[in-house]
Amino acid sequence: MAKYEVLDYSMPRQCGHYPPPPYIYPKMRAMVCLFKAPLELKKKFLPSELKAIEFPFDAIFIAEYPDSTIGPYNENLILLYCEYEKGKNGLFVMNIYVTDDGALTAGREIWGYPKKMSEIFLSQIKDNKIHGTVSRRNKKIIDIEAELMEKTPGIDPSAMIQGFPLINLKLIPDVENNSKPVLKQLTMTNIEWKNITIKKSLKIKSIKSEYSEYDICSELLNGSQMDIGGFYIQADQVLPNGKIVKDLTK
Amino acid sequence: MVSFEDIKEIGQKWTKEYCKALNESPEYEEAAKGWGIDFEGSMLFIMLPSGEINFEIVSFLDLKDGKCLGIKLLEPGEDPPREPGMILKAPMLIWKKLAFKEMNPVQALMSGDLQLEGDMSLAMKYSQAAMMLADLTEKTDRSLFTKFDLGDD
């Protein structure tokens, strides 16, 4: 029996590229850096169906998954705080980078995550310092150096991410018509963190983002306030099925 | 050394102005709509000793559905009128930085300078209102934070 034999769930139909959710990520670790994107800049990166809200925070997430339902890989997300329905706020997933093709296709095809492949590195903690990078097509599009702080955060940082759904614009192009997608949906997912073993504040020492004609991080990150701080977490992560917030397919 | 009596008048003036600023902000009213309806919406602001102020300054904020029903500066040792739904605690110097926008609330929370106690899911749901609580201190006479030497970091 093939590893992901769920007939007609994903392609190829007899031995799909990935299994159905939930996906489990035991002993994951991540650095989460908060930043503040100016409203006008943020509007440029949000779909028109979502309302830009300047604050409380936007976030960059660099994670290492030593194992998961689809195997080990690393991941980076850029999240923009927004309103997705009147009075309901979430984190729009602007970009995700991953190091594994199964994670790429599952993310795009199930939840609608805007994933691309890249090289992602998250250092071990050494002398209270941590370093994360995302490189793609010979450009270091994200490079973050941070220091772990002794004081514990004044708020449960895991609540800051778990408190908001991740909002995606799931787009599937039409095989016959290039002018409109065959599927366009706003989707939402709530990630869960369990068995948290480490939760520390981070002081961001530097964030650099090199311009690349293939990616859009640098304009956002170089135009934002990046000294807000962040946190480092080690936990078990669960990614369940998502929900359709709004079907925009016409 | 400064005593509570020295700050009482200026503190009471600040609580009145702050409550007025909240009630005159349509943005705060919109963001905090529903706050305190099915749960305890009151908050306690605890300003911990800094510099020449060697006692805690505690204010009880009665907040409900986007409105400020009143703010009471508590006397030393006085209990709040009821158990608050949320507590925000920081040294007076940090409150000063927040009031003058030298630091934003998320920065203060992440660095551990500002401590938030209460239901995190509510804090997240109403995070826009929380940001406005900080922003609206700008509309008050902030001499409570400048009149006394609060020391350095």
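**A walk from C33(A) to the chain contact**

Let's start at C33(A): apart from neighbours within four places in sequence, this residue is in contact with A59(A), I60(A), I144(A), A146(A), L202(A), I204(A), I207(A) and G230(A). Keep in mind that you're looking at a predicted model.

Now zoom out to the core. C33(A) belongs to the largest nonpolar core, a set of 121 residues, and is listed with M31(A), I62(A), L79(A), F92(A) and I167(A) as having the most contacts inside it. Strand 1 of chain A, residues 23-36, is the top contributor here, giving nine residues.

Strand 10 of chain A covers residues 166-172, and because five of its seven residues are buried, the rest of the structure largely encloses it. Who are its partners? Strand 5 of chain A (residues 88-98) pairs with strand 10 in the parallel sense, over two bridges, and here F92(A) stands opposite I167(A). Strand 11 of chain A (residues 183-189) runs antiparallel to strand 10, joined by seven bridges; in this pair, L166(A) stands opposite T189(A).

Finally, head over to where chain A touches chain B. How many residues does each chain put in? The contact takes 21 from chain A and 17 from chain B. On the chain A side, helix 3 (157-162) and strand 13 (225-239) each supply at least two residues, with strand 13 making the largest share at four. Sorted by class, that side of chain A has 13 nonpolar, six polar and two charged residues.

Key
Residues numbered from 1 in each chain as written. Chains lettered and ligands numbered in written order. Predicted model: local features only at pLDDT ≥ 70, side-chain atom pairs only at ≥ 80, totals over all residues. Buried ≥ 20, exposed ≤ 12 C-beta atoms within 10 Å, placed from the backbone. Pairing = 2+ DSSP bridges. Core = buried A, V, L, I, M, F, W, Y, C linked by C-beta atoms within 7 Å. Contact = placed C-beta atoms within 7 Å. Nonpolar A, V, L, I, M, F, W, Y, C, P; charged D, E, K, R; others polar.
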